[in-house]
Amino acid sequence: PRSPLSRQDDVVFDALGAVDELSAAIGLARAHCEEGAAGCAKEEAVEASVAPAPGPAGLRWLLPQLEGAQRLLLDVGSAIATPQTSSSEKHLQRVGIDGAAEASVLEARIDTMDAQLPPLTVFILPGGGAPAAALHMSRAVCRRSERCVVPLVEAGDCPAEVGVYLNRLSDYFFVAARYAAASAGHAEERRGDDKAGPATGRV
């Protein structure tokens, strides 16, 4: 039988589970991107700071970024599992995350992918091929992870930087999904103009 747990313990486990699920979703996206990039030489996507024109090289360009996100989520999990209100300063230093710096990296990646994409003026449907669909799923799970973290941040048990990072990461996944759809040669599925209002941007 399950041991008695406080409500705060349940919140922590919900957040840890959501982050674990997010990493798994990213792993699926990586697998689909690897498959889509098959036959593309690594040299075709060597400039890490600039997104190549959409194509197989674009899917290969995403791979190290997705792996990096999975590795950073291990730090996120450690930060969630280490309550700031009851842990030593030395322990807290070992599980820190520089959310602002990581968010800046994500913003730069978002901008360079946006530069390769048409402006977004209507709502789009998640899809656009397996890599894009998996990235949309990662976005949705990332949003849920962020929602799970908010109560911990508000209670002072989790660094605010974790929430900052997850917020920008979900925006990154939205743009990466659009970029992956273009790279796989899929047109974006859009709501009909008679039903769609102005796009809200990254959702």
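Biologist: How many of the 24 residues of helix 6 are buried?
Modeller: Helix 6 is largely enclosed by the rest of the structure, where buried means under 20% relative accessible area, exposed over 50%, and partly exposed in between (1.4 Å probe, protein chains only). A helix here is a DSSP run of H or I with at least four residues, a strand is a run of E with at least two, and both are numbered from the N terminus. Of the 24 residues in helix 6, the buried ones number 19.

Biologist: Before we go on, what kind of model is this?
Modeller: Residues are numbered from 1 along each chain as its sequence is written, and side-chain values use heavy atoms, with hydrogens and water left out. Local features need pLDDT of at least 70 and side-chain atom pairs count only at pLDDT 80 or more, while totals for chains, interfaces and linings use all residues, since this is a predicted model.

Biologist: What pattern does the chain follow along the sequence?
Modeller: Let's count the pieces: the chain has six helices and zero strands. Reading along the sequence, you get α-α-α-α-α-α.

Biologist: And what share of the chain's residues is buried?
Modeller: The chain has 203 residues. Buried ones make up 43%.

Biologist: Are helix 2 and helix 6 roughly parallel or roughly antiparallel?
Modeller: Their axes come within 11 Å and cross at roughly 160°; axes are lines fitted to C-alpha atoms, for helices over the stretch in contact, and angles run from 0 to 180 degrees between N-to-C directions. Angles under 35 degrees count as roughly parallel, over 145 as roughly antiparallel, 65 to 115 as roughly perpendicular, and the rest as oblique. Therefore helix 2 and helix 6 are roughly antiparallel.

Biologist: How many nonpolar residues are in that contact of helix 2 with helix 6?
Modeller: The contact includes Trp61, Leu62 and Leu66 from helix 2, and Tyr165, Leu169 and Phe173 from helix 6. Nonpolar covers Ala, Val, Leu, Ile, Met, Phe, Trp, Tyr, Cys and Pro; charged covers Asp, Glu, Lys and Arg; the others, Gly among them, are polar. No charged residues and three polar ones take part, and the nonpolar count is 19.

Biologist: Which way does helix 2 cross helix 4, left-handed or right-handed?
Modeller: The two axes come within 13 Å and cross at roughly 155°, which makes helix 2 roughly antiparallel to helix 4. A crossing is left-handed if the near helix is turned anticlockwise from the far one by less than a right angle, and right-handed if clockwise. Helix 2 passes helix 4 in a crossing that is left-handed.

Biologist: Which helices do the buried residues of helix 4 pack against?
Modeller: Those buried residues are Gly99, Ala103, Leu106, Ile110, Thr112 and Met113. They pack against helix 2 and helix 6.

Biologist: How far apart are the end C-alpha atoms of helix 5?
Modeller: The expected span of a helix is 1.5 Å times one less than its number of residues. Helix 5 has 25 residues, so it should span 36 Å, and the model agrees: its ends are apart by 37 Å.

Biologist: How many charged residues are in the contact of helix 5 with helix 6?
Modeller: Those axes come within 8 Å and cross at roughly 165°, which makes helix 5 roughly antiparallel to helix 6. By class, the contact has 16 nonpolar and six polar residues, and the charged ones number four.

Biologist: What is the C-alpha to C-alpha distance between Ser145 and Leu166?
Modeller: Ser145 lies in helix 5 and is buried, with a relative accessible area of 0%. Beyond its neighbours within four places in sequence, Ser145 is in contact with Ala18, Val19, Leu22 and Leu166. Ser145 and Leu166 are 21 residues apart in sequence, and their distance in space is 7.4 Å.

How values were computed
Contact means heavy atoms within 4.5 Å.
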